[in-house]
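Here is a short briefing to read alongside the model. Have the sequence and the 3D view open as you go.

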Amino acid sequence: MRCAYCFYLPKVSLFPGSKLHRMSHEVLEALTVQYLGIASDVASFCWQGGEPTLMGLEFFERAMRLQQKHMKSGQAVSNTIQTNGLLINSEWARFFKRHDFLVGVSLDGPKELHDHYRKDGAQRGSFEKVMRAIECLREHEVEFNILCVLNDVTVNHPERLIEFFLSHNLRYLQFIPCVEWDECGEGIAPFSVTPEAYGEFLCKAFDIWCGDGVPQFYERFFNDMLAVYAGYGMPTCIMKRRCGDYVVVEYNGDVYACDFFVEPQWKYGNLLERTLEELLQSDIAMRFKERKRTLSNECLNCRWLNLCNGGCPKYRMFMGSIECVNYFCEAYKRFFSHSHRRYLRMAERLNVRVSMPNVLRR
């Protein structure tokens with residue numbers, strides 16, 4: 001694949017000495033042993049790339065054997081994989097089913113929307129191959145969900161996207177807004193989503209999701225917000241008070257703070273040189289976890305602070321620094337105002353005692 005909006009492709013510059021970036025058995029075993037050794041009752045591996053299926057089934061079979069060998073008594077291990085779907089066949093699907101993988105499939109809606117940016121190396125669209133992969137996963141009863149990137153094209157079609165997904169019985173969705181620097185690093189790339197367009201998308205998509213007060217399908221951001229209104233913690237990291245829920249382990253054992261921050265200044269070290277436990281307790285790891293709490297006065301005085309907590313630091317950096325308001329600030333404000341009362345009613349319908357912070361007023 002050669003997706004025009006790929007944020008990870010430029011990371012090849014971090015590894016100038018190697019053209020083939022594939023994890024060795026040594027790194028895989030060290031990662032497995034070290035992580036399972038410090039993980040609690042549940043250990044979660046999320047396999048990403050590039051395209052992780054390029055490693056081949058033999059690599060993942062080896063990973064499963066290592067997990068079985070080194071997991072602690074009473075410990076549960078989960079595996080998820082994010083794929084473009086191009087290599088998925090019956091052999092892969094049987095493997096996923098056998099090992100209870102949750103598979104994330106990248107699909108940006110109907111053919112003309114999906115193929116606009118998601119092309120292969122020959123600049124051919126990938127829609128048909130992805131849909132065949134989805135049918136293969138269904139045939140083998142593999143659990144999967146859909147990741148849809150919101151770019152400057154797809155963000156303008158909330159109704160069309162949702163209608164397409166629901167018409168194909170794709171009811172577990174995640175909409176991810178795309179914002180990247182242009183190739184020169186001097187401005188926002190043209191495929192990026194504007195705050196205005198994203199706010200409009202969120203409101204229209206929420207209206208469909210909410211229906212008459214009972215969610216019509218699963219969408220991660222909308223469901224996460226409902227969990228918060230129902231009195232639970234934010235399930236995903238983007239709107240938690242702190243970062244640091246996970247780390248990225250690159251093919252050579254280098255450990256980074258986050259897939260959005262695979263950058264030299266946020267490299268914790270290498271797990272072949274220092275243990276993962278040591279790296280997670282390092283000064284740089286502590287700084288990364290706390291830096292999100294550096295908020296502007298505008299954030300500190302915002303009505304919605306306890307819902308967004310300043311949002312993902314990646315999107316603050318587009319405004320100049322970690323101390324700036326989030327690039328999507330106005331989109332979030334519009335969405336929270338639009339959805340607030342209905343979220344309260346949904347939480348009450350669930351017979352949950354709603355206790356929102358004082359800063360959040362009706």
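The second largest cavity has a volume of about 40 Å³. A cavity here is a set of points on a 1 Å grid over the protein atoms alone where a 1.4 Å probe fits but cannot get out, and lining residues have an atom within 4 Å of a point. The volume is the space filled by probe spheres set on the points, with grid points joined across faces, edges and corners. The model is predicted: local features need pLDDT of at least 70, side-chain atom pairs count only at pLDDT 80 or more, and totals for chains, interfaces and linings use all residues. Residues are numbered from 1 along each chain as its sequence is written, and side-chain values use heavy atoms, with hydrogens and water left out.

**Second largest cavity**
- Its lining consists of Leu150, Phe175, Tyr198, Phe201, Leu202, Glu219, Phe221 and Phe222.
- Helix α7 (195-210) gives the most to this lining of the second largest cavity, with 3 residues; helices are DSSP runs of H or I with at least four residues, and strands are runs of E with at least two, numbered from the N terminus.

**Largest cavity**
- The largest cavity has a volume of about 130 Å³.
- Among the residues that line the largest cavity are Cys299, Cys302, Cys308 and Cys329.
- α14 gives the most to the lining of the largest cavity, with 4 residues.

**Sheet**
- Six strands form an open sheet in the order β1-β2-β3-β4-β5-β6, with parallel pairing; two strands pair if DSSP finds at least two bridges between them.
- β1 and β6 each have a single partner strand, so one side of each is left without a neighbour in the sheet.
- In β2, Ile81 is the bridge partner of Trp47.

Terms used: 1 Å grid on protein atoms, 1.4 Å probe; cavity = no way out; pocket = protein on both sides within 12 Å on 5 of 7 lines; lining within 4 Å.
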